[in-house]
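I opened my notebook to write down what I looked up in this protein, one topic at a time. Each entry keeps to what can be read from the atoms.

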Amino acid sequence: MLSTPPRFSILICTVGKEELTRGAIKSILDQDYPSFEIIVTDTSGGEQIRTAADSFNDERIRFFKVPGLDPTISWQFAYEQSTGEYVLWYDDDNRLVPWALKRYAKLIEEYGSDIISGNHVYYFGEGNRHKPHLDNTLSMLFPYSLSTKGYESPAVLRTIYDFSMGIPPQLARWHSAATFVARSVCEEACKKTGYVIAPHMYGNFTFHPIIFTFAKNPIYDDRPLCVIGKFASSITQQWSNTFVQQKRSTALPFRFTGVTERTLGNTTAECYLQVRHDIPAHATYPFNWMKFYRRYSDELVFLTIPLVRHAYAWKELWMAVAQHLPPRERMKLRVIILKNSIRFLVLRLARALHLSTVLRQFRWRDQTNSMRRTAPLATYEVHTIDACAGRLDEIMSREWNISIR
């Protein structure tokens, strides 16, 4: 234990991924700012992560085996072990650029904010399930303003409950792996709700509505300070798998949305509504049921589950819409549901007949494609996320003539 609390607490949560965790720890130890502690939590039940953490022989690193073997409780548990003035939740497959902590410390000195966040880029590794055609590739959303901007928390909360999953370019992205939160915000959240990130949920989607409830002056630095890893397996996927095993079912115990298939939109909405339930004042921010159900309908088109279960999912959605939408919006959405159910049947037939030309017509609609840029990294002799983070400023300068420092 450090004699005095450090400026930063970095919480590295993992499920037994030793190599990635070693890289995550090293990426913090290599920072050019010394006042930090690293809290490593593991829910695998093994000893390999403890061995990896101990191998660095640094008093700033503390390891905890999370009780209960439930990956979803590690985020809150890790916070409860920390002592730093500002806290960062850091997946094992993410990396800060080497000068990030110094940049965050400078922003804290300049603005005194209780939330300090930066932008990020993506590293697609071998076997990633998000974009399998990308391997050892850097991906990002342009443009970057390279400026710092303050936000009002109520405006961010309104955006969250409006279910604006596709983030407009003029808004900050607030990725948890690039967002430091003051301990004062975390303590206020725990006092009012018992958590900063709700345990036993399906991801860390309760993070944003909680921290912006209690923050007064969040700021955002629109430059890449973090590299988000996309690999064959992610901790979020492992959380979901844990729930599947616990419930002996492929469906998760959704309580609020009225629909039960495990899609990204449904998972996110369920977490948002859990926070809304726990903080009654959030009722002043209307939840956009129309946007949510439209997204869920789009997601069902691509969900690969048995046909009988698919039929039940469409029926369940049809009934849920009647509970949460007024008549005019209900009719409009049911037309969309009918169209999407037909798209699903055509897509399923095309898959069965291996009609690749038809399948290409059903690619997921991505409004951010026009802003996305990619760069293969082999030409830079970069083959890992660690090397990508270490040379990010050089790569972006050579590829796009952008100086992110």
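The entries below go from the whole chain to single residues and pairs.

**Entry 1: ground rules**

I noted that this is a predicted model, in which local features need pLDDT of at least 70 and side-chain atom pairs count only at pLDDT 80 or more, while totals for chains, interfaces and linings use all residues. Residues are numbered from 1 along each chain as its sequence is written, and side-chain values use heavy atoms, with hydrogens and water left out.

**Entry 2: the whole protein**

I looked up the secondary structure and found 15 helices and 11 strands, where helices (H or I, at least four residues) and strands (E, at least two) are DSSP runs numbered from the N terminus. Of the 405 residues, 55% are buried; buried means under 20% relative accessible area, exposed means over 50%, and partly exposed is in between (1.4 Å probe, protein chains only). The protein exposes about 18200 Å², and carbon and sulfur atoms supply 53% of that area; accessible areas come from the Shrake-Rupley method with a 1.4 Å probe, and for residues only the protein chains shown count as cover. I also looked at contacts, meaning heavy atoms within 4.5 Å: among those between residues at least 6 apart in sequence, 76% join residues at least 24 apart.

**Entry 3: Val 40**

I found Val 40 in strand S2, which covers residues 36-42. Is Val 40 buried or exposed? Its relative accessibility is 0%, so Val 40 counts as buried. Leaving out residues up to four places away in sequence, Val 40 touches Ile 12, Thr 21, Ile 25, Ile 49, Ile 61, Arg 62, Phe 63 and Phe 64. I also noted that the C-alpha atoms of Val 40 and Arg 50, which are 10 residues apart along the chain, are separated by 8.4 Å.

**Entry 4: Asn 136**

I placed Asn 136 in the loop between strand S6 (115-124) and strand S7 (137-141). Asn 136 has a relative accessible area of 9%, and therefore it is buried. A polar atom of its side chain lies 2.6 Å from the backbone oxygen of Val 382. With neighbours within four places in sequence set aside, the contacts of Asn 136 include Tyr 123, Phe 124, Pro 376, Val 382 and His 383.

**Entry 5: cysteines**

How many disulfides does the rule give? The count comes to zero, a disulfide being a pair of cysteine sulfur atoms within 2.5 Å. Cys 186 is in no disulfide, and the nearest cysteine sulfur, that of Cys 190, is 6.8 Å away. Cys 186 is buried, with a relative accessible area of 0%, and Cys 13 is also buried, with a relative accessible area of 0%.

**Entry 6: salt bridges**

I then turned to salt bridges, each a side-chain nitrogen of Lys or Arg within 4 Å of a carboxyl oxygen of Asp or Glu, and the count by this rule is 22.

In one of them, Glu 85 pairs with Arg 7, and the closest N and O atoms are 2.8 Å apart. Glu 85 lies in the loop between helix H3 (74-81) and strand S4 (86-91) and Arg 7 in the segment before strand S1 (8-14), so the pair ties together parts that are 78 residues apart in sequence. Glu 85 is partly exposed at 37% relative accessibility, whereas Arg 7 is buried at 16%. I noted too that Arg 7, Glu 85 and Glu 109 are linked in a network of salt bridges.

Lys 65 forms a salt bridge with Glu 47, with the closest N and O atoms 2.5 Å apart. Lys 65 is in strand S3 (residues 61-65) and Glu 47 in the loop between S2 and helix H2 (48-55), so that pair links distant parts of the chain, 18 residues apart.Lys 65 is partly exposed, with a relative accessible area of 32%, and Glu 47 is partly exposed, with one of 37%.

The side chains of Arg 103 and Asp 221 meet in a salt bridge of 2.8 Å, N to O. Arg 103 lies in helix H4 (residues 100-111) and Asp 221 in strand S10 (residues 219-230), so this pair ties together parts that are 118 residues apart in sequence. Both Arg 103 and Asp 221 are buried.

Technical notes:
Polar contact = N/O pair within 3.5 Å; in protein donor to acceptor, adjacent residues only side chain to side chain.
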